[in-house]
Amino acid sequence: MYEIIEKQVLSENVKLMKVKAPLMAKKAQAGQFIILRIDEKGERIPLTIADYDRKKGTITIIFMEVGKTTKQLGTMKKGDMILNFAGPLGTPSEVENFGNAVMIGGGVGIAPLYPIVRALKQAGNHVISILGVRNKDLLILEKEIDEFSDKLYIATDDGSKGHKGFVSDVLQKLIDDGEKIDIVWAIGPIIMMKVVANLTKKYDIKTIVSLNPIMVDGTGMCGGCRVSVGGETKFACVDGPEFDGHLVDYDNLMLRNRRFICEEEKACKLAGE
Amino acid sequence: MAVKKTKHEMPEQKPKDRIKNFNEVPYGYDEKTAIEEAKRCLQCKNRPCVDGCPVEIDIPDFIKQIAEGNIDKAVEVLKSKTSLPAVCGRVCPYENQCEGECTLLKIGEPVAIGRLERFLADYERDKGMKIPKKTRPTGKKVAIVGSGPAGLTCAGDLAKMGHKVTVFEALHAPGGVLMYGIPEFRLPKAIVNAEVDYIKQLGVDVKYDVVVGKTITVEELLEEYDAAFIGTGAGLPRWLGIPGENLDGVYSANEFLTRVNMMKAYQFPEYDTPVKIGKIVATFGAGNVAMDCARTSLRLGAEKSYIIYRRSEKEMPARNEEIHHAEEEGVIFKLLTNPVKFTGDEKGILKEVECLKMELGEPDESGRRRPIPIEGSNFKIKIDTALVAIGQSPNPLIPATVKGLKIGKWGNIETDEEGRTNIPGIFAGGDIATGAATVILAMGAGKKAARAIDQYLK
């Protein structure tokens with residue numbers, strides 16, 4: 001059992017929880033994820049690690065309430081227990097001094113971006129962050145990411161903050177303005193990662209994306225999370241979740257993430273009754 | 001009195017009823033039948049059946065006790081060598097092991113050793129399991145990685161020797177393949193839990209959610225423990241490697257069975273994990289796992305469940321009993337048939353599989369006749385779901401994270417006969433060392449390794 005020792009509501013559907021898991025906190029690194037199961041009848045869902053505190057022995061998760069499990073998790077309070085919490089899983093981000101790094105986060109994808117931003121800054125990179133959300137009320141971790149960024153840009157769909165439009169517009173402008181970019185990280189909705197990767201491919205800028213396919217065990221056993229990368233089948237849980245953004249078959253990933261959409265709706269409807 | 005030439009029948013659910021539920025298929029012997037069956041045993045002096053048993057159970061001795069009506073004594077004899085009799089009494093390939101060596105085969109069917117083992121285990125569980133007296137603690141600590149059949153056996157034996165044992169399990173439930181792989185109707189999960197409880201009562205501690213290699217490394221475990229046993233199994237699914245394998249509707253056998261068995265997707269939406277299979281399911285492969293997939297599909301409501309296999313009936317690796325049960329339940333066998341391509345609709349949902357007819361040529365390195373495609377024999381089968389059950393490879397997580405550990409050419413951990421790896425203090429056994437094999441061989445490996453570890457700790 002793993003205790004929720006802190007809970008914050010970051011925006012309407014986005015919540016932050018600090019969970020006591022000392023063994024995992026000791027090992028967690030940027031780019032990795034955990035798998036949790038709320039109770040005896042629960043499903044196993046992967047959530048990327050948004051932060052960790054080795055001294056306090058906590059892992060921070062930030063999640064959007066989209067399905068039955070995340071909605072149920074959102075109703076849990078400080079002091080409540082999560083039945084299972086396993087990790088850190090996946091391969092950590094490759095952190096080194098690349099030079100000039102552009103860090104792009106979309107929606108709740110901003111959460112896993114944060115520890116990578118921090119790690120890259122601490123590794124000596126010049127860090128430019130671009131955060132994209134639908135409207136300013138959905139923006140999370142702005143202050144935290146700003147702290148480790150040399151420059152921070154915001155893009156909102158409705159123009160309620162920063163640039164009106166997409167993160168890719170901001171990236172395009174940086175490129176047009178002659179910014180020399182050594183590496184790009186893009187974490188967010190699949191379509192956002194696809195658009196960013198298509199853009200950077202034109203300019204031959206190395207781009208890392210973090211994928212969040214459907215998983216069951218998270219240890220390389222079931223292959224439910226398989227993605228096609230450069231024509232090869234990879235397991236996001238052990239080979240990823242980060243991959244070369246120029247090689248990922250995003251369309252197949254979108255298709256595979258819709259596999260249980262009807263069942264998810266049914267479960268949500270039943271849970272709501 | 002002449003010996004009855006055939007085994008006493010074990011009653012089981014009728015096929016038309018059982019394909020509508022996940023309850024266990026056979027009901028098991030009652031006491032009277034068990035005693036009658038035990039009386040068939042000739043009590044051979046040379047005990048060929050014991051030689052056939054990977055965990056060295058004193059088979060004629062427990063059978064003798066049953067025949068004399070001393071059921072409790074029989075249980076004691078059985079459990080002195082195995083901690084998982086209810087599991088073995090269900091999933092062991094007895095026909096190739098103990099029963100395959102039985103002298104009665106010369107005149108008819110062997111003694112139903114498997115059914116008798118199962119009877120004893122179920123008898124004891126119903127009555128309440130007796131915990132053997134604790135051995136004096138040795139003060140030594142052993143870490144077991146993985147709670148499948150190899151790890152549990154090793155843990156149980158080491159605890160009986162007086163060592164302090166902790167099992168580290170990556171998932172949230174114990175049992176490994178017994179829990180995620182083998183279906184409820186073949187091995188009820190309550191039985192696995194009961195056998196694990198027995199091992200816990202021997203003093204073994206089981207920790208869940210610890211992914212050794214990620215949460216903690218084997219080297220770190222060895223700072224706290226005097227030895228470690230790795231039994232992480234063959235968890236890596238193999239793929240057909242044909243176009244369309246990533247379409248919506250294609251599962252590895254592991255994903256499908258894990259969803260249904262461990263996550264209880266057959267009880268969705270009461271349980272949160274879903275599975276969907278549509279009307280027509282094709283399982284590729286013809287081993288026990290493939291039979292489990294095909295039979296599970298029927299229970300989930302599939303109208304047609306195919307086994308598609310590139311060789312012929314003779315080469316099917318599944319146990320006869322599994323094939324027989326699958327046939328009875330209406331699984332359709334498409335043999336000498338090899339898939340070449342999956343196709344989906346415009347949304348990427350699986351619609352059909354294209355196959356080739358095969359014929360058998362000369363024997364290959366496995367000793368089985370090599371299947372050769374018949375050119376131009378392509379044909380299509382409409383399917384909603386494809387389950388790929390063509391085998392598993394050793395789980396790479398540990399081999400990849402222990403520095404200096406000697407790894408074999410299939411990604412397996414190399415060990416000697418007793419489970420010693422090239423690193424002193426690190427032992428391994430079961431599928432992680434041998435590649436995918438059977439529950440009983442993994443248990444045998446766990447047993448041998450326990451002895452080697454005990455020796456190492458002295």
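Q: Start with α8(B) and α17(B). Is the crossing right-handed or left-handed?
A: Right-handed: that is how α8(B) passes α17(B). Keep in mind that this is a predicted model.

Q: Within what distance do the axes of these two helices come, and at what angle do they cross?
A: The axes come within 7 Å and cross at roughly 35°. In chain B, helix α8 covers residues 149-160 and helix α17 covers residues 439-457.

Q: Which residues of α8(B) make the contact?
A: B:Pro149, B:Ala150, B:Thr153, B:Cys154, B:Asp157 and B:Leu158. On α17(B), the partners include B:Val439, B:Ala442, B:Met443, B:Gly446 and B:Lys447. B:Ile453 and B:Asp454 of α17(B) are also among them.

Q: How do the residues of that contact divide?
A: Into 10 nonpolar, two polar and three charged.

Q: OK, new topic. How many residues does the contact take from chain B and from chain A?
A: Chain B gives 41 residues and chain A gives 45 residues.

Q: What area is buried between chain B and chain A?
A: About 3,700 Å². Carbon and sulfur atoms give 56% of that area.

Q: Which three residues supply more than any other three of the area that chain B buries?
A: B:Lys214, B:Asn246 and B:Asp272. Together they supply 20% of the area that chain B buries against chain A.

Q: Which elements of chain B each supply at least two residues of the side that touches chain A?
A: β5 (236-237), β6 (250-252) and α12 (253-262). The largest share comes from α12(B), with five residues.

Q: And what is that side made of, in nonpolar, polar and charged residues?
A: The side of chain B that touches chain A has 19 nonpolar, 11 polar and 11 charged residues.

Q: How many salt bridges cross the interface of chain B and chain A?
A: Four. One salt bridge joins the side chains of A:Lys41 and B:Glu270, at 2.5 Å from N to O. Across the interface there are also 21 residue pairs in polar contact.

Q: How many salt bridges does the structure hold over all chains?
A: 56. Among them is the pair B:Asp58 and B:Lys81, whose closest N and O atoms are 3.5 Å apart.

Q: Where do B:Asp58 and B:Lys81 sit?
A: In distant parts of the chain, 23 residues apart. B:Asp58 is in the loop between α3 (48-51) and α4 (59-67) of chain B. B:Lys81 is in the loop between α5 (71-79) and α6 (85-91) of chain B.

Q: Let's turn to the backbone. Is the peptide bond from A:Gly240 to A:Pro241 cis or trans?
A: Cis, with omega near 10°. A:Pro241 lies in the loop between β15 (232-235) and β16 (242-244) of chain A.

Q: What joins B:Phe268 and B:Pro269?
A: A cis peptide bond, with omega about 5°. B:Pro269 is in the loop between α12 and β7 (280-284) of chain B.

Q: Why point these out?
A: Because most peptide bonds are trans. Most residues other than glycine also have a negative phi.

Q: What about B:Gln43: is its phi positive or negative?
A: Positive, about 55°, although B:Gln43 is not a glycine. Look for B:Gln43 in the loop between α2 (31-38) and α3 of chain B.

Key:
Residues are numbered from 1 along each chain as its sequence is written. Chains are lettered from A and ligands numbered from 1 in the order in which they are written. This is a predicted model: local features need pLDDT of at least 70, side-chain atom pairs count only at pLDDT 80 or more; totals for chains, interfaces and linings use all residues. Side-chain values use heavy atoms; hydrogens and water are left out. Axes are lines fitted to C-alpha atoms, for helices over the stretch in contact, and angles run from 0 to 180 degrees between N-to-C directions. Helices (H or I, at least four residues) and strands (E, at least two) are DSSP runs, numbered from the N terminus. A crossing is left-handed if the near helix is turned anticlockwise from the far one by less than a right angle, and right-handed if clockwise. Contact means heavy atoms within 4.5 Å. Ala, Val, Leu, Ile, Met, Phe, Trp, Tyr, Cys and Pro count as nonpolar, Asp, Glu, Lys and Arg as charged, and the others, Gly among them, as polar. Buried area is the accessible area (1.4 Å probe) that two parts lose on being put together, summed over both. A polar contact is a pair of N or O atoms within 3.5 Å; within protein, one must be able to donate a hydrogen and the other to accept it, and residues adjacent in sequence count only if both atoms are side-chain atoms.
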